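Me: I want the labels in this description traced back to the values behind them. Can we go through them one at a time?

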Amino acid sequence: MRIGFLTPWRTDDPGAWSGIIRPMLGALADVVDVVPVSTHDVPAALLDRAAARLSRRTYLWDFGLTTARARGRAAAERLRAAHVDVVFAVAASVDVARLGGSVPVVQYVDAAFDDLKERYSVFTGLSRLSAIQVRRIGALAARRTAGYVAASREAADGLVRAGADPARVVVAPPGAAILPRAAADSAPSAPAQAAGAPLRVLVVASDWERKGGDRALDAVARARAAGADIALTVIGSVPALPDDVRAPGRLAADELSAEYARADVLLELARANAAGVTLTDAAAHGLPAIATGVGGVPSIVAEGRSGWLVPDDAASSAAGEKLAALAGGAWGGVSRASAAAWYAEALDWASWGERVAALCLRVRDEAAR
């Protein structure tokens, strides 16, 4: 079986789509023949660019129907030249919407549009024309799609609510974008926190508002008020922070890997999280996490194994209580070993590649029949 890996992202960019495009390609290449096909060089149509300039509200020119026609045409030509049996489309509904030919398509989806539009800033405040086109592209892409790989149970449920056949939706959470540099980076079975040392809390917030950076600061403040000794590190593009917060800014992958290995717990009180790459990275490093149970997070953080889920409507208070408990040594059955074991069992790239390849093989055989 020869799979065409279709995406609008550059397939040679290690940071593409939060850093998971290249690991996806590698995981599939381990089990099947894969040909990367990217449309990153196909510009948005002039008509859609003009509409974006003239619109008073947000108009997503990359989700315009005219752009979809151009991207679909380019994708079809490149896939035809690659002689593929199945198209695996990653973040590529625009490319698939007007994709001609008869080769079956499997789409990878991290969230349905209705689950994104209220919480992701890129989809809020859309003009009526843009919203209509986004929905139209989704409908056309669904018509062309033979099966879906969903990044989480939440994404799978959203696809089914939108009309997808549940029998053709496979849940396969993605693996980590950043893996431990060496086996030595994985800590022993006990929590890394040394006796008498402060609890080392790590926050990684590339999008401060959505990732709940303010809620994380509040949770730490509540835990400290309860007597917890906490050393807080915040990674990413962040606002002004208190003097007692270590904030080294944005880090390269190897530097962030070292932070995962150094911390005792990851704190991610996001208001929206489709897949949660940071949480998957943490699990790969054996780092337990405290996270809000929104979006796809419950498919990534295993309660009582790789961390703890807190309610979105009481995130700061619940997380503050949990931090105070951890600082006091109340880890329960959660450890670095249990988090790493959960990653190996449910989140690693080998399992993901096998699930994707199995679905692609199935739709190829069904198309042949």
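Reply: What follows takes the labels in turn, for a model that is predicted.

Me: Why is Ala-219 called buried?

Reply: Its relative accessible area is 0%. Buried means under 20%, so Ala-219 qualifies as buried.

Me: Where is Ala-219 placed, and which residues is Ala-219 in contact with, leaving aside its neighbours within four places in sequence?

Reply: Ala-219 belongs to helix α9, residues 213–225. With those neighbours left aside, its contacts are Leu-267, Leu-269, Ser-316, Ala-319, Gly-320 and Leu-323. Contact here requires heavy atoms within 4.5 Å. For Leu-323, the C-alpha to C-alpha distance from Ala-219 is 7.9 Å, across 104 residues of sequence.

Me: Which residues of α9 and α12 meet, and what are they by class?

Reply: From α9 come Arg-215, Asp-218, Ala-219, Val-220, Arg-222 and Ala-223; from α12 come Ala-315, Ser-316, Ser-317, Ala-319, Gly-320, Leu-323 and Ala-324. By class, this contact has 7 nonpolar, 3 polar and 3 charged residues. Gly-320 is listed in the contact, and Gly counts as polar.

Me: Why is α2 called roughly perpendicular to α14?

Reply: Helix α2 (residues 21–29) and helix α14 (residues 349–368) have axes that come within 8 Å and cross at roughly 65 degrees. The range for roughly perpendicular is 65 to 115 degrees, so α2 is given that label relative to α14. The crossing of α2 and α14 is right-handed. Pro-23, Met-24, Ala-27 and Leu-28 of α2 make the contact with Trp-349, Trp-352, Gly-353, Val-356 and Ala-357 of α14. By class there are 8 nonpolar residues, 1 polar and no charged ones.

Me: What makes β9 and β12 edge strands?

Reply: Their sheet is open, with 6 strands in the order β9-β8-β7-β10-β11-β12 and parallel pairing. β9 (245–249) and β12 (307–310) each have a single partner strand, so one side of each lacks a neighbour in the sheet. Neighbouring strands are turned by 25 degrees against each other on average, direction ignored.

Me: How do you know that β11 and β12 pair?

Reply: Pairing requires at least two bridges. Strand β11 (residues 289–292) and β12 have 4 bridges in the parallel sense, and Ile-290 stands opposite Trp-308 in β12. On this sheet packs α9, touching β7 (199–204), β8 (230–235), β10 (265–268) and β11, with its direction at about 175 degrees to that of β8.

Conventions: Residues are numbered from 1 along each chain as its sequence is written. This is a predicted model: local features need pLDDT of at least 70, side-chain atom pairs count only at pLDDT 80 or more; totals for chains, interfaces and linings use all residues. Side-chain values use heavy atoms; hydrogens and water are left out. Axes are lines fitted to C-alpha atoms, for helices over the stretch in contact, and angles run from 0 to 180 degrees between N-to-C directions. Helices (H or I, at least four residues) and strands (E, at least two) are DSSP runs, numbered from the N terminus. Angles under 35 degrees count as roughly parallel, over 145 as roughly antiparallel, 65 to 115 as roughly perpendicular and the rest as oblique. A crossing is left-handed if the near helix is turned anticlockwise from the far one by less than a right angle, and right-handed if clockwise. Buried means under 20% relative accessible area, exposed over 50%, partly exposed in between (1.4 Å probe, protein chains only).
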